[in-house]
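Please keep the sequence and the model open while reading.

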Amino acid sequence: MVLAAFSTAPAALPALAAGDAFEGEKLARTWCAACHVVADDQQRGSEAVPSFAAIAASPGRTEENLQVFLVDPHPKMPDMNLSRREIADLVAYILNQKK
Ligand code: HEC
(Lines give C-alpha, C1' and ligand atoms only; values in the text may rest on other atoms or scores of the structure.)
Protein backbone atom coordinates (compact mmCIF):
# COMPACT_ATOMS: atom_id res chain seq x y z
CA MET A 1 0.00 0.00 0.00
CA VAL A 2 1.31 3.42 -0.92
CA LEU A 3 0.65 6.24 1.47
CA ALA A 4 -0.06 9.46 -0.31
CA ALA A 5 1.85 12.38 1.09
CA PHE A 6 -0.75 14.81 2.28
CA SER A 7 -0.30 18.40 3.25
CA THR A 8 -1.87 20.10 6.23
CA ALA A 9 -1.14 23.39 4.45
CA PRO A 10 0.84 25.11 7.20
CA ALA A 11 1.88 27.76 4.70
CA ALA A 12 -1.54 29.39 5.02
CA LEU A 13 -1.20 29.99 8.75
CA PRO A 14 1.34 32.81 9.17
CA ALA A 15 -0.75 35.16 7.03
CA LEU A 16 -3.61 34.80 9.49
CA ALA A 17 -1.61 36.17 12.36
CA ALA A 18 0.24 38.83 10.42
CA GLY A 19 -2.60 40.41 8.47
CA ASP A 20 -2.74 40.58 4.72
CA ALA A 21 -2.37 44.09 3.33
CA PHE A 22 -3.80 43.02 -0.03
CA GLU A 23 -7.05 41.92 1.63
CA GLY A 24 -6.89 45.03 3.80
CA GLU A 25 -6.87 47.26 0.74
CA LYS A 26 -10.02 45.62 -0.61
CA LEU A 27 -11.75 46.07 2.75
CA ALA A 28 -10.59 49.68 2.99
CA ARG A 29 -11.82 50.59 -0.48
CA THR A 30 -15.19 49.01 0.32
CA TRP A 31 -15.78 50.12 3.92
CA CYS A 32 -13.54 53.05 4.72
CA ALA A 33 -13.15 55.14 1.55
CA ALA A 34 -16.45 56.99 2.04
CA CYS A 35 -14.75 58.96 4.81
CA HIS A 36 -11.00 58.29 4.70
CA VAL A 37 -8.59 58.74 1.84
CA VAL A 38 -7.33 55.17 1.91
CA ALA A 39 -4.94 55.20 -1.08
CA ASP A 40 -2.78 57.63 -3.05
CA ASP A 41 -5.00 57.35 -6.09
CA GLN A 42 -8.15 58.32 -4.22
CA GLN A 43 -9.22 61.87 -5.04
CA ARG A 44 -11.04 62.81 -1.88
CA GLY A 45 -12.58 61.61 1.33
CA SER A 46 -14.32 63.57 4.03
CA GLU A 47 -12.35 66.67 5.07
CA ALA A 48 -12.45 66.16 8.82
CA VAL A 49 -11.22 62.59 8.55
CA PRO A 50 -7.50 61.71 8.52
CA SER A 51 -6.13 59.83 5.51
CA PHE A 52 -4.71 56.37 6.11
CA ALA A 53 -1.25 57.72 5.23
CA ALA A 54 -1.63 60.37 7.96
CA ILE A 55 -2.89 57.77 10.42
CA ALA A 56 0.08 55.51 9.67
CA ALA A 57 2.52 58.38 10.15
CA SER A 58 1.03 59.84 13.34
CA PRO A 59 3.36 59.85 16.35
CA GLY A 60 3.18 56.86 18.67
CA ARG A 61 1.34 54.77 16.13
CA THR A 62 1.64 51.03 16.73
CA GLU A 63 0.04 47.92 15.34
CA GLU A 64 -1.52 47.33 18.75
CA ASN A 65 -3.15 50.73 19.17
CA LEU A 66 -4.60 50.56 15.67
CA GLN A 67 -6.09 47.17 16.44
CA VAL A 68 -7.49 48.38 19.75
CA PHE A 69 -9.09 51.39 18.06
CA LEU A 70 -10.71 49.25 15.36
CA VAL A 71 -12.14 46.80 17.88
CA ASP A 72 -13.84 49.68 19.66
CA PRO A 73 -13.76 52.89 17.57
CA HIS A 74 -14.44 56.38 18.93
CA PRO A 75 -17.99 57.69 18.76
CA LYS A 76 -17.16 59.92 15.76
CA MET A 77 -16.50 56.88 13.66
CA PRO A 78 -19.09 54.13 13.21
CA ASP A 79 -18.37 50.75 14.74
CA MET A 80 -18.25 48.49 11.72
CA ASN A 81 -18.19 45.22 13.61
CA LEU A 82 -14.98 44.12 11.98
CA SER A 83 -13.72 40.61 12.62
CA ARG A 84 -10.25 40.12 14.11
CA ARG A 85 -9.11 38.90 10.74
CA GLU A 86 -10.44 42.01 8.98
CA ILE A 87 -8.81 44.22 11.58
CA ALA A 88 -5.43 42.50 11.15
CA ASP A 89 -5.68 42.93 7.36
CA LEU A 90 -6.70 46.59 7.61
CA VAL A 91 -3.92 47.37 10.08
CA ALA A 92 -1.36 45.73 7.80
CA TYR A 93 -2.67 47.83 4.92
CA ILE A 94 -2.70 51.09 6.90
CA LEU A 95 0.83 50.60 8.26
CA ASN A 96 2.11 49.86 4.76
CA GLN A 97 1.36 53.50 3.94
CA LYS A 98 3.91 54.80 6.39
CA LYS A 99 6.41 56.75 4.31
C1 HEC B 1 -18.56 57.52 8.48
C2 HEC B 1 -17.19 57.91 8.28
C3 HEC B 1 -16.07 56.90 8.60
C4 HEC B 1 -15.93 55.63 8.08
C5 HEC B 1 -16.83 54.88 7.12
C6 HEC B 1 -14.66 55.15 8.63
N7 HEC B 1 -14.09 56.08 9.45
FE8 HEC B 1 -12.32 55.91 10.44
N9 HEC B 1 -12.57 57.76 11.24
C10 HEC B 1 -13.66 58.58 11.00
C11 HEC B 1 -13.50 59.81 11.78
C12 HEC B 1 -14.48 60.98 11.80
C13 HEC B 1 -12.28 59.68 12.47
C14 HEC B 1 -11.66 60.65 13.45
C15 HEC B 1 -12.09 60.20 14.83
C16 HEC B 1 -11.66 61.15 15.90
O17 HEC B 1 -10.84 62.03 15.65
O18 HEC B 1 -12.16 60.97 17.01
C19 HEC B 1 -11.73 58.38 12.11
C20 HEC B 1 -10.53 57.89 12.61
C21 HEC B 1 -9.97 56.68 12.25
C22 HEC B 1 -8.71 56.18 12.71
C23 HEC B 1 -7.72 56.96 13.59
C24 HEC B 1 -7.81 56.67 15.04
C25 HEC B 1 -6.71 57.38 15.76
O26 HEC B 1 -6.42 56.96 16.87
O27 HEC B 1 -6.11 58.34 15.25
C28 HEC B 1 -8.52 54.95 12.15
C29 HEC B 1 -7.34 54.01 12.37
C30 HEC B 1 -9.65 54.69 11.33
N31 HEC B 1 -10.52 55.76 11.41
C32 HEC B 1 -9.81 53.56 10.57
C33 HEC B 1 -10.94 53.27 9.78
C34 HEC B 1 -11.12 52.05 9.03
C35 HEC B 1 -10.11 50.92 8.97
C36 HEC B 1 -12.32 52.15 8.41
C37 HEC B 1 -13.00 51.12 7.50
C38 HEC B 1 -13.18 49.80 8.08
C39 HEC B 1 -12.90 53.44 8.77
N40 HEC B 1 -12.02 54.08 9.61
C41 HEC B 1 -14.13 53.89 8.34
C42 HEC B 1 -14.71 58.34 10.16
C43 HEC B 1 -14.93 57.17 9.46
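## Ligand surroundings

Helices α3 (52-57) and α4 (63-71) each contribute at least two residues to the shell around the ligand.

The model is predicted, so local features need pLDDT of at least 70 and side-chain atom pairs count only at pLDDT 80 or more, while totals for chains, interfaces and linings use all residues. Residues are numbered from 1 along each chain as its sequence is written, and side-chain values use heavy atoms, with hydrogens and water left out.

In total, 18 residues surround the ligand, and the closest are Cys32, Cys35, His36, His74 and Met77. By class, the shell holds 14 nonpolar, two polar and two charged residues. In this scheme Ala, Val, Leu, Ile, Met, Phe, Trp, Tyr, Cys and Pro count as nonpolar, Asp, Glu, Lys and Arg as charged, and the others, Gly among them, as polar.

|---|---|---|
| histidine 36 | nitrogen atom of the ligand | 2.8 Å |
| arginine 61 | oxygen atom of the ligand | 3.2 Å |

A polar contact is a pair of N or O atoms within 3.5 Å; within protein, one must be able to donate a hydrogen and the other to accept it, and residues adjacent in sequence count only if both atoms are side-chain atoms.

The space taken by the ligand is the largest pocket. Pockets are found on a 1 Å grid over the protein atoms alone, as open sets of points where a 1.4 Å probe fits, with protein on both sides within 12 Å along at least five of seven lines. A molecule sits in a pocket if more than half of its atoms lie within 2 Å of its grid points.

## Overall fold

The protein has five helices and zero strands, which gives the pattern α-α-α-α-α along the sequence. Of its 99 residues, 26% count as buried. Buried means under 20% relative accessible area, exposed means over 50%, and partly exposed lies in between (1.4 Å probe, protein chains only). Among contacts (heavy atoms within 4.5 Å) between residues at least 6 apart in sequence, 57% join residues at least 24 apart.

Aspartate 89 is in helix α5 (residues 84-95). Aspartate 89 counts as buried because its relative accessible area is 4%. A polar atom of its side chain lies 2.8 Å from the backbone nitrogen of aspartate 20. Leaving aside neighbours within four places in sequence, aspartate 89 is in contact with Gly19, Asp20, Ala21, Glu23, Gly24 and Leu27.

Tyrosine 93 also lies in α5 and is buried, at 7% relative accessibility. With neighbours within four places in sequence left aside, the contacts of tyrosine 93 include Ala21, Gly24, Glu25 and Ala28.

The side chain of tyrosine 93 makes a polar contact of 3.3 Å with the side chain of glutamine 97. Glutamine 97 is in the segment after α5 and is buried, with a relative accessible area of 12%. A polar atom of the glutamine 97 side chain lies 3.4 Å from the backbone nitrogen of alanine 53. Beyond four places in sequence, glutamine 97 is in contact with Val38, Phe52, Ala53 and Ala56.

## The loop between α4 and α5

Asparagine 81 is in the loop between α4 and α5. Is this residue buried or exposed? Asparagine 81 is exposed, because its relative accessible area is 65%. Although it is not a glycine, asparagine 81 has a positive phi of about 50 degrees. Its C-alpha atom is 8.7 Å from that of leucine 70, eleven residues away along the chain.

Aspartate 72 is found in the loop between α4 and α5 too. At 56% relative accessibility, aspartate 72 counts as exposed. Aspartate 72 and leucine 82 are ten residues apart in sequence, with their C-alpha atoms 9.6 Å apart in space.

Methods:
Near = heavy atom within 4 Å. 1 Å grid on protein atoms, 1.4 Å probe; cavity = no way out; pocket = protein on both sides within 12 Å on 5 of 7 lines; lining within 4 Å. Helix = DSSP H or I, 4+ residues; strand = E, 2+ residues; numbered from the N terminus.
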